[in-house]
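Have the structure open while you read.

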Amino acid sequence: MVELATRAATTDASQQAVAAVPNKLEVRNLTIRYGSDVALRDVSLSIREHEIFGIIGPANAGKTSFLKAINRMDVFTSGMRVEGEIHFAGRDTRHLNNVYALRSRIGVVFPLPVGLPMTVYDNVALSPRLRGINEKAELDVIVQRCLTRAALWDEVKDRLNALGSLLSGGQQQRLTIARALSQEPDLLMLDEFSIAVDPVTTMRIEDVLKELRQEVTIILVTNLVQQARRLADRTAFFLGGECVEIGVTEDLFTGEVKDQRTRDYVEGRFG
Amino acid sequence: MNTANPALFQASDLNRHNESVQRRYRLLFGLMTLLLITPVLLILGTLVAKGGGAISWEFLFSAPTDGMRTGGIFPALLGTVWLVTVALLLSVPIGIFAAIYLSEYAGDNWFTRIINLAIINLAGVPSIVHALFGLGAFVIFFKFGTSILAASLTLAVMTMPVVIVATRESLQAVPQAFREACWNMGATRWQTIRRVVLPNSLTGILTGVILEVSRTAGETAPIMFTGAVFFTPFLPQSVFDQTMALSLHLFVTATQVPGIEEHVPFGVALVLIGLVLTMNSVSIAFRMWLRGKKKW
């Protein structure tokens, strides 16, 4: 009972605090098409600085397409067309020439862990090297800091020269997070990161995310509604390419909802 | 305690039938494999038996005398090394760069598809057609004359598809997820190729190059009209000289020289095939060494 009460209190507090925080990302009338199929229809939302923004929804809801549009990865997908506006840190990313700078400020974690076929060290040092940092001492510091923040340092500190692609699934996923952090991103996008990870590791990563919230804005796409409930300040519910609902996460579970489908989904009474 | 149903693991008629069918198929596949390696063993066996006696230090490192009937094959051996080296210098960079473009940069459109079709067709053009093309283009039009340069250019054009296809396939074998992870970090295409794709496709590319070496070394028709000669008393000094070559020397000694001792052409063939097999073994050893460092 006490826990519930404090949770409600913090929710209220964060709601008030959040109102003063500027928007990190502003999406207006975003529509995404693949050929003639519409993957996402007319979505408008804004994500505030230093919040964890959850996106829940079943398969084919347009969640991954949404992330791809944000960091302009749509150019690598043939047939993917994006309409609308996405403002990141005040700039319209749809008309940005230097997409590389945009992508380097956004860390991405995929559903299946991608340890690149190079050493653990090189995996984390890759992004700094791409930015032109080549000094060993400086790289050492970055690698240790990022691996520590991703809760992986203790497990790999003695085998930094082992291949990153041969770590276990859970370790690789934390390696991916460490790599994303090595970009020193303003925004971290996680796409169903726990799909191939055991529950214990998932909890460790969730703890990491809670700490990271101090420094970066996080978009958390997840299939697990309880994960969104544990982590996200606000959550959007996508369904079949439509953004059905956006609200303070706890409201989706207990408060008023605009759309009955939201309640049905979060309570598992769907389809 | 023992409550298992004893009939559960007893073979039924269907089980026995399936088992015997599978045994017959295995026999068939095994026999076909034996059939396949028979000619290889026969060729190698005959060459060693009939040509092995010809091989000596003198045979490898001296010039032919008495109208090829005696002496050695050194000018031909050296000529083949020249031809292969120059052909590789020309075709490997072009082939690899073109393959990188096709695999990593070009979109999937009608233009790329036409280029890919052209490469496949280029690989299918008979070597005698390449020979006449080389004669017309390099010997006559570009006025290189019959020279190592013209012959090597012809060989390069002919074997380029090998390099392109091998390179493209080993590039495509690198999982797309690696590229996407890299692009997501803000890497350009070239940074991604340089740091992730190329280091992991090097094995395949080198294997392709070595395969090209063996093919280039054995070709006869394309060099006959463009740079290789039956006999010359001089060793080549530059790419504008004519040269002898092992493959042509084999043709000459086997068909054009009356009263030659049998072991000479067999010896030439043995040297040629030894050269090719050595290159292939290097390629296989290299691949095995790199596979030991398998990365995903």
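## Where the chains and domains meet

Let's start with the two chains: 17 residues of chain B are in contact with 18 residues of chain A. Keep in mind that this is a predicted model. On the chain B side, helix 7 (176-184) and helix 8 (189-197) each bring at least two residues to the contact. Helix 7 of chain B gives the largest share, with five residues. Sorted by class, the side of chain B that touches chain A holds eight nonpolar, six polar and three charged residues.

Now for chain A on its own. Chain A splits into domain 1 (23-97 + 185-198 + 206-271) and domain 2 (106-183), and the C-alpha centres of these two domains of chain A sit 25 Å apart. Where they touch, 15 residues of domain 1 of chain A are in contact with 17 residues of domain 2 of chain A. Which element supplies the largest share of the domain 1 side in chain A? That's strand 7 (residues 187-191) of chain A, with five residues. This side of domain 1 of chain A is made up of 11 nonpolar, one polar and three charged residues.

| Helix 9 of chain B with helix 12 of chain B | 12 residues | six residues | one residue |

Next, that helix pair in chain B. The axes of helix 9 (residues 202-218) of chain B and helix 12 (residues 263-291) of chain B come within 9 Å and cross at roughly 175°. Helix 9 and helix 12 of chain B are therefore roughly antiparallel to each other. The residues that meet include B:Leu206, B:Ile210 and B:Val213 from helix 9 of chain B, and B:Leu275, B:Met279 and B:Phe286 from helix 12 of chain B. As a general point, an α-helix has 3.6 residues a turn, so residues three or four places apart point the same way.

Last stop: helix 7 (residues 169-182) of chain A. Its 14 residues reach 20 Å from first C-alpha to last, close to the 20 Å expected at 1.5 Å a residue. Is helix 7 of chain A mostly covered or mostly open? Mostly covered, with 13 of its 14 residues buried. Helix 7 of chain A is followed by A:Glu184, which has a positive phi, near 50°.

Note on methods
Residues are numbered from 1 along each chain as its sequence is written. Chains are lettered from A and ligands numbered from 1 in the order in which they are written. This is a predicted model: local features need pLDDT of at least 70, side-chain atom pairs count only at pLDDT 80 or more; totals for chains, interfaces and linings use all residues. Domain bounds come from an automatic or database domain assignment. Two residues are in contact if their C-beta atoms, placed from the backbone, lie within 7 Å. Helices (H or I, at least four residues) and strands (E, at least two) are DSSP runs, numbered from the N terminus. Ala, Val, Leu, Ile, Met, Phe, Trp, Tyr, Cys and Pro count as nonpolar, Asp, Glu, Lys and Arg as charged, and the others, Gly among them, as polar. Axes are lines fitted to C-alpha atoms, for helices over the stretch in contact, and angles run from 0 to 180 degrees between N-to-C directions. Angles under 35 degrees count as roughly parallel, over 145 as roughly antiparallel, 65 to 115 as roughly perpendicular and the rest as oblique. The expected span of a helix is 1.5 Å times one less than its number of residues. A residue is buried if 20 or more other C-beta atoms lie within 10 Å of its own, exposed if 12 or fewer, and partly exposed in between; C-beta atoms are placed from the backbone.
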